[in-house]
Amino acid sequence: MNPRRKKRLAIVSSVLIGAAAVAGFSLYALNENFDLFFTPTEVVNGKADSGIMPVVGQRIRVGGMVVVGSVKRDSESLKVAFKLKDSGSETITIKYEKILPDLFREGQGIVAQGILTSNDTLEASEVLAKHDEEYMPKEIADAMGKEHKKPTY
Amino acid sequence: MWKWLHPYANPEVSYHFTGKLIPWFAIISAILLTVGLGMGLLYSPADYQQGNSVRIFYLHVPAAMLSMGLYLGMAIAGLTALVWQMKLAESSIAALAPVGATFTAIALLTGAAWGKPMWGAWWVWDARLTSELILLFLYFGVMALQNAFEDKALAGKAASILALVGVINLPIIHYSVEWWNTLHQGATVSKFEKPSMSIDMLRPFLLSLFGFAFLAGTLVCMRFRAEIIERNSMRPWVKALAKEHN
């Protein structure tokens with residue numbers, strides 16, 4: 001490689017490395033702001049590394065798995081309440097009064113947005129269903145005895 | 001070592017070479033897309049949870065992968081244009097950007113159409129969706145810079161720098177679902193483990209992925225040739241070509 005090209009390559013790569021470092025450090029510094037949601041354990045105990053904890057009255061998103069057997073529907077209205085958990089032991093009660101997404105079911109991962117009314121209750125204004133990255137036909141899922149897996153939160 | 005590559009730095013040689021590739025790429029793409037999308041949309045099994053909505057996968061994922069693949073190609077062309085000062089690399093950036101932007105837009109739109117029935121929302125500001133949107137803006141930026149200068153050489157240099165620096169966004173898009181809590185699910189196919197997809201669904205997906213890749217190849221080659229002609233319009237070989245076609 002001739003010296004001029006070598007010099008240009010050095011300049012270009014140092015610019016690229018510099019930009020990558022800037023991006024890397026800023027992403028690292030802003031890390032938690034990029035999370036879409038808190039997990040139930042983080043709501044109760046604070047984030048593991050920074051201890052950031054939502055306060056009552058704050059508008060937050062909570063993501064986790066719907067605890068099997070915890071869904072209680074009101075027979076007169078759309079009101080529904082259910083518990084949300086993650087791999088930790090804490091659970092959060094979610095109250096909601098709109099139509100739930102099609103994928104909502106017990107054991108399903110969901111993300112609820114709303115206002116924290118006490119340190120373990122969320123009055124949700126929106127409930128989104130999260131699905132995992134596994135795709136398979138129904139017959140195979142049945143054969144594997146598969147309902148749902150993995151709370152990876 | 002790179003001697004065999006050198007003839008292709010000549011615009012005339014590249015022009016005729018890509019001209020020969022286009023029909024092959026187009027035919028392969030048509031066959032793969034017909035079979036792949038036909039299998040995927042009509043005959044592949046429905047998902048155990050998502051039912052028929054899972055079929056958007058066969059369009060959404062190839063588009064998203066190509067949006068990133070084409071950007072990587074553009075960044076490599078940017079590096080070549082800056083270090084080796086190859087004019088043709090600048091032409092290929094100009095050829096790649098709009099095709100890549102289109103695939104990014106397709107990925108975003110099909111993603112929204114998939115998100116509404118499955119998640120319950122067209123759009124969520126999670127890390128994956130936002131970084132993919134930034135990729136679209138990077139493509140727009142490269143296209144805008146290319147047209148912002150009267151001087152082609154200056155425009156090419158500016159676009160190359162943006163194309164190259166923007167490559168930092170690619171690992172962010174790919175790993176966003178692992179680094180942060182996102183609503184978007186993790187990778188199904190592009191990971192080191194076995195794809196978490198049944199084989200009847202993986203097969204049509206791979207066919208349509210390669211079908212779309214060859215489609216992108218066809219479009220990029222066509223645009224690349226048009227760029228070469230435009231940038232070399234004063235050259236005798238282009239004039240001779242124009243006369244031949246009259």
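Modeller: Quick definition to start: helices (H or I, at least four residues) and strands (E, at least two) are DSSP runs, numbered from the N terminus. This is a predicted model, so local features need pLDDT of at least 70 and side-chain atom pairs count only at pLDDT 80 or more, while totals for chains, interfaces and linings use all residues. Residues are numbered from 1 along each chain as its sequence is written, chains are lettered from A and ligands numbered from 1 in written order, and side-chain values use heavy atoms, leaving out hydrogens and water.

Pocket first. On a 1 Å grid over the protein atoms alone, a pocket is an open set of points where a 1.4 Å probe fits, with protein on both sides within 12 Å along at least five of seven lines; lining residues have an atom within 4 Å of a point. The largest pocket holds about 1200 Å³, counted as the space filled by probe spheres set on the points. Its lining has 29 residues, with B:Leu5, B:Tyr8, B:Thr80, B:Met86 and B:Ala89 nearest the centre. Helices H1 (11–43), H2 (57–83), H3 (87–118) and H7 (199–231) of chain B each give two or more residues to that lining, and H7(B) has the largest share, 6. By class, the lining is 21 nonpolar, 7 polar and 1 charged.

Now the partner. With contact meaning heavy atoms within 4.5 Å, 43 residues of chain B touch 42 of chain A. The two chains bury about 3600 Å², 63% of it on carbon and sulfur atoms; that's accessible area (1.4 Å probe) lost on being put together, summed over both. B:Tyr48, B:Gln49 and B:Asn181 supply 23% of what chain B buries there, more than any other three residues. On chain B's side, H2, H3, H5 (152–165) and H7 each give two or more residues, with H2(B) giving the largest share, 4.

Definitions and conventions. Ala, Val, Leu, Ile, Met, Phe, Trp, Tyr, Cys and Pro count as nonpolar, Asp, Glu, Lys and Arg as charged, and the others, Gly among them, as polar.
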